Amino acid sequence: MADPSVDPGDDLFDFDAEVLVVGTGGSGFAAAITAAAAGRSVVVFERNDHIGGTTGASGGTAWIPNNASLRAQGKKDPSEFALKYMCRLSFPQYYVADHPTLGLPKDAYDLIATFYDEGSVAIDHLTEIGVFDLMADTRAPDVDNPMEMPSGNLLAGFPDYGAELEEEKLPTGRHLFPRPGTPGMVDQLEAGAAAHGVKVVLDHQVRGVIKNDDGEVVGLELRYGHSARLARARRGVIFASGGYAHNAELVQRYLPGRVFGTCATLGAQGDFVRIGIEAGAQLGNMKNAWFKQVPLEAALRSPTPPSVWLPWGDAMIHVNKYGRRVVDEKMPYHDRSQAHSIYDPTRREYPNLLLFMIFDDTVASSQSRAGMRQPLPAPGESVPEWVIKGDTWDDLAAKVDARLAEHSAETAGLRLDPSFGGNLADTIERFNGFAETGVDADFGRGRAPIGRAWNGPNREGSPNPTMAPFASEGPYYCVILAAGILDTNGGPVINTKAQVLSTSGDPIPGLYGAGNCVASPAGQGYWGPGATIGLGITYGYLAGRHAAAEPEKNFTF
Ligand SMILES: Cc1cc2nc3c(=O)[nH]c(=O)nc-3n(C[C@H](O)[C@H](O)[C@H](O)COP(=O)(O)OP(=O)(O)OC[C@H]3O[C@@H](n4cnc5c(N)ncnc54)[C@H](O)[C@@H]3O)c2cc1C
């Protein structure tokens with residue numbers, strides 16, 4: 001076994017290991033630990049001065065179908081139903097229930113089927129070698145106190161994000177989280193990496209791959225401060241370097257509509273897009289991301305504004321610049337936020353580029369801590385500047401439009417349409433009627449179980465807890481919302497062994513990828529809490545397993 005070393009010595013290389021990994025998030029650690037547990041020497045490079053990446057800032061859950069914790073609870077998750085659920089959400093434009101690959105292109109289907117087959121294998125392996133201590137919880141949350149689950153985890157027991165679909169047969173229990181009393185997910189991975197002899201090198205940005213005469217990837221070029229460094233990979237290189245959320249040029253070039261903010265790590269600069277292209281990789285899933293909403297005015301001030309996971313309140317709607325509702329406001333963040341990027345071919349514009357979250361004083365002044373309060377402050381916290389208050393509807397509209405005028409250079413000049421006030425009055429009246437009957441005839445609000453679970457307080461006697469009529473008198477409030485992303489999930493295309501594919505469709509020898517830096521097997525879908533990390537860990541594990549099994553490579557140029 002080669003000894004990973006930082007000592008340059010006389011050698012050309014500053015580092016030398018059998019497997020090199022790029023990135024210290026969930027995908028990178030899963031890859032590194034798996035390769036190390038297979039007996040290989042492993043070095044992980046991280047461009048940040050700290051470990052964890054976006055995984056370290058996340059809720060730390062992993063969505064894994066048919067996981068061991070579910071099986072131990074006697075819950076069945078057969079592939080037939082799990083695959084239908086995933087394929088339906090990921091490729092709705094292709095999905096056919098009775099087709100051999102469910103209507104998907106075969107390679108797309110195979111990636112999802114492999115995730116089903118290998119996800120629980122990956123978690124079980126990482127558990128058996130002492131890295132993970134995770135559990136699932138299938139108990140339904142208390143909707144009035146959803147943050148106080150018996151297991152103590154914020155996301156425990158919550159339904160999958162598409163649980164209302166007929167393809168969904170197991171709405172809870174696929175997402176795993178650290179057992180109460182154990183360290184967080186990244187802490188478990190970091191300790192596991194240390195225990196398996198994985199060497200982690202911070203402040204080193206990978207800049208490119210090195211290929212030998214045979215076109216095999218046999219090393220990495222790095223930047224450390226102002227100096228260049230080289231690393232030799234005797235068997236394989238695994239990229240797990242996150243997406244391109246903080247690379248404005250790539251975001252503008254590839255994502256639909258316009259994205260205003262992200263909660264990804266600053267290291268999410270899309271390095272593997274450029275490096276992958278230079279290595280001859282084909283790109284995929286570049287038009288998708290893990291979407292969410294952000295308060296526009298926070299996003300204009302900071303590259304990492306707060307997230308709006310589920311907009312709070314019952315007497316609350318989203319309207320566009322014409323004063324019209326455009327979406328079920330209680331859909332999960334990823335789906336709801338895609339309403340921003342809908343193009344209107346008749347008006348030749350993005351009418352929902354910005355959406356206006358309108359609510360009344362009952363919502364604004366509630367002291368309840370139930371549900372997800374964003375973008376409202378927690379009780380006792382000061383009200384942020386992005387909450388706009390008007391005494392009457394007209395006053396509110398005037399103030400919102402004045403704010404839009406201030407930001408017009410950064411928002412393509414978007415202003416409220418002259419029809420806004422009249423249309424909003426109609427919209428509110430119609431919504432109030434829906435709230436009274438409990439049936440949202442326009443968007444079916446409250447149908448998605450996750451929307452109910454994260455909704456917040458239930459008003460006494462409400463036929464649909466996600467809706468309540470607006471108060472007949474002001475004050476009224478507005479937060480201007482825009483599309484944001486957790487991170488992107490497009491990049492070089494991989495196969496079911498996590499090998500990166502060239503433009504001709506063949507694996508690039510020695511090059512692997514997992515997580516947000518590659519074309520996500522999830523396509524357009526976000527299956528449930530932890531889907532991004534579940535996929536990253538599974539394909540990281542596969543990358544580690546296969547890279548460890550590669551033959552030693554010649555080093556001739
Ligand atoms: C607040 C929040 C909550 C979330 N909650 C969840 C959740 O509960 N479950 C879930 O599934 N998802 C969640 N997500 C999304 C999830 O965190 C990410 O999708 C996932 O962690 C990405 O993992 P990754 O391993 O692909 O990348 P990362 O965790 O981002 O790791 C990539 C690492 O690579 C490093 N890197 C990049 N380029 C280079 C380079 N050239 N050289 C060296 N290093 C490099 C980066 O600095 C980074 O540290 C959440 C996100 C946020 C922000």
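Leu355 lies in strand E13, which spans residues 354-360; helices (H or I, at least four residues) and strands (E, at least two) are DSSP runs, numbered from the N terminus. The structure is a predicted model in which local features need pLDDT of at least 70 and side-chain atom pairs count only at pLDDT 80 or more, while totals for chains, interfaces and linings use all residues. Residues are numbered from 1 along each chain as its sequence is written, and side-chain values use heavy atoms, with hydrogens and water left out.

With 0% relative accessibility, Leu355 is classed as buried (under 20% relative accessible area; exposed is over 50% and partly exposed in between, with a 1.4 Å probe and protein chains only). Beyond its neighbours within four places in sequence, Leu355 has contacts (heavy atoms within 4.5 Å) with residues including His318, Val326, His340 and Ile480.

The whole structure contains 29 salt bridges, each defined as a side-chain nitrogen of Lys or Arg within 4 Å of a carboxyl oxygen of Asp or Glu. One of them joins Arg47 and Asp271, with an N to O distance of 2.8 Å. This pair links distant parts of the chain, 224 residues apart: Arg47 is in the loop between strand E2 and helix H2, and Asp271 is in helix H8. Arg47 is partly exposed at 32% relative accessibility, whereas Asp271 is buried at 18%.

A salt bridge also connects Asp160 with Arg174, whose closest N and O atoms are 2.9 Å apart. Both residues lie in the loop between strands E4 and E5, so the pair ties together parts 14 residues apart in sequence. Asp160 and Arg174 are both buried.
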